[in-house]
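Thank you all for coming. I would like to take a few minutes on one model, so please have the display in view.

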Amino acid sequence: MVCIELEDGIAPADKAEARNRALKLFEEPQANDKVERIVRINSIRERFGIEDVHAILETNKPPPSLMMPKVRTPDEVKILDQLLSERGHSTRLHVIIETNEGLESVYEIARASNRIDTLFFGGVDMAAELGCKNSWEPLLYARSRIVHAAASNGLDAIDVPYLDLGDMDGMIKEAELVRDLGFSGKGAIHPKQI
């Protein structure tokens, strides 16, 4: 998977340009290289997310997959599913669980749409909400709930990227731990982590 960023990695002043550039990529036929291309939109509970969704609904060539950040309730997924269906888009969904409310509702969120392929664990934002250290032990419960919800609904579960680019041994250890917990994969923030 390759994720094109429209959310936290884009400054507010650059959101419109990033959105336009991202959607323009899909106007051309995509290579048949078995790489899934995903666009991470902004939360649909916020203005930038609504603008992202509007632009996707306006195009005749939408991204094949959207990543939904900071999902708190199943209704968010149901609304986006309905809008995509009304427009006739077959776009798939990947849902990030990174809030306390989202974690509480993760099982219902996982069942909210047949478009969902993956639950992602947003550990950085989750740790911030919990007020805990972003490390293995404090986040084990959250990871376990996400794996349970994904496995119960036939979805993949992808863990948060490892942020210390200088600690390859730590990244490998954490990747093995999440694999053993039941995750399907782990995010990466730099090519050297692949």
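This is a predicted model: local features need pLDDT of at least 70, side-chain atom pairs count only at pLDDT 80 or more; totals for chains, interfaces and linings use all residues.

Residues are numbered from 1 along each chain as its sequence is written, and side-chain values use heavy atoms, with hydrogens and water left out.

A pocket here is an open set of points on a 1 Å grid over the protein atoms alone, where a 1.4 Å probe fits, with protein on both sides within 12 Å along at least five of seven lines, and its lining residues have an atom within 4 Å of a point. The largest pocket holds about 1100 Å³ of space, a volume being the space filled by probe spheres set on the points. Its lining has 38 residues, and Phe120, Pro161, Gly187, Ala188 and Ile189 lie nearest the centre.

Turning to the backbone, lysine 34 has a positive phi, near 65°, and lysine 70 likewise has a positive phi, of about 50°. Lysine 34 is exposed, at 83% relative accessible area, whereas lysine 70 is buried, at 17%; buried means under 20%, exposed over 50% and partly exposed in between, with a 1.4 Å probe and protein chains only.

How many disulfides are there? The count is 0, a disulfide being a pair of cysteine sulfur atoms within 2.5 Å. Cysteine 3 is partly exposed at 38%, and cysteine 132 is partly exposed at 25%.
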